[in-house]
Amino acid sequence: MSVAMLETGLGMWGAYAGPCLMYLALGALLLFGLPLLLWPLRWARLLGWASTPQDHLAIYFGRTLGMVTCAMSIAALMAVNHPSLWPLLYNLNIMIFLANTGVHAWGAIRRIQPVAETWEIPYWFALAAVQYLFYPATHWTWG
């Protein structure tokens with residue numbers, strides 16, 4: 001894969017960067033952030049994790065991740081009308097989605113996660129690809 005190929009796809013749908021950011025933020029807030037914040041153990045059981053009502057560490061980490069997701073989603077919604085902030089949010093999203101791809105792949109390799117978490121590997125990678133395609137760039141250079 002050449003740099004030219006990477007540059008060709010970057011921001012090819014950048015004219016729709018604002019709506020993409022808004023829909024992604026709403027989806028993350030409603031489908032991931034709030035449920036994880038409010039019902040972390042129910043969320044874990046839905047994905048196949050074994051948990052007990054006294055699993056305080058899982059509750060703590062679940063709610064923490066849920067709150068971070070809610071905060072990121074709200075920040076993105078606040079930035080929808082401020083295009084100068086979009087590259088920052090897109091870069092952050094791409095990093096988060098690629099990191100989640102790696103975390104889920106590592107869990108799959110080690111066989112320490114439910115199968116639903118393994119199914120999420122292409123989902124997280126696809127989200128990174130979508131962010132790449134909708135990136136709000138008119139011109140890109142490698143430094």
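Modeller: An axis here is a line fitted to C-alpha atoms, for helices over the stretch in contact, and angles between N-to-C directions run from 0 to 180 degrees. Helices (H or I, at least four residues) and strands (E, at least two) are DSSP runs numbered from the N terminus. The model is predicted, with local features needing pLDDT of at least 70 and side-chain atom pairs counting only at pLDDT 80 or more, while totals for chains, interfaces and linings use all residues. Residues are numbered from 1 along each chain as its sequence is written, and side-chain values use heavy atoms, leaving out hydrogens and water.

Colleague: How are H2 and H5 oriented to each other?

Modeller: The axes of H2 and H5 (residues 86–110) come within 11 Å and cross at roughly 50°. Angles under 35 degrees count as roughly parallel, over 145 as roughly antiparallel, 65 to 115 as roughly perpendicular and the rest as oblique. The two helices, H2 and H5, are therefore oblique.

Colleague: Which residues of H5 make the contact with H2?

Modeller: Contact means heavy atoms within 4.5 Å. On the H2 side the contact is made by Ala17, Gly18, Cys20, Leu21 and Leu24, and on the H5 side by Trp86, Leu89, Tyr90, Asn93 and Phe97.

Colleague: How are H2 and H4 oriented to each other?

Modeller: The axes of H2 (residues 17–38) and H4 (residues 56–79) come within 8 Å, crossing at roughly 155°. At that angle H2 and H4 are therefore roughly antiparallel.

Colleague: What is the handedness of the crossing of H2 and H4?

Modeller: A crossing is left-handed if the near helix is turned anticlockwise from the far one by less than a right angle, and right-handed if clockwise. By that convention the crossing of H2 and H4 is left-handed.

Colleague: Which residues does Cys20 touch, not counting those up to four places away in sequence?

Modeller: Cys20 lies in helix H2, and its C-alpha is 9.4 Å from that of Val80, 60 residues apart in sequence. With residues up to four places away in sequence set aside, Cys20 touches Tyr90, Val130, Gln131 and Phe134.

Colleague: How many disulfides does a search of the whole structure find?

Modeller: A disulfide is a pair of cysteine sulfur atoms within 2.5 Å. The sulfur of Cys70 is 19 Å from the closest cysteine sulfur, that of Cys20, which is too far for a bond. Across the whole structure the number of disulfides found is zero.

Colleague: Is Cys70 buried or exposed?

Modeller: Buried means under 20% relative accessible area, exposed over 50%, and partly exposed in between (1.4 Å probe, protein chains only). Cys20, at 11% relative accessibility, counts as buried. With a relative accessible area of 4%, Cys70 is buried.
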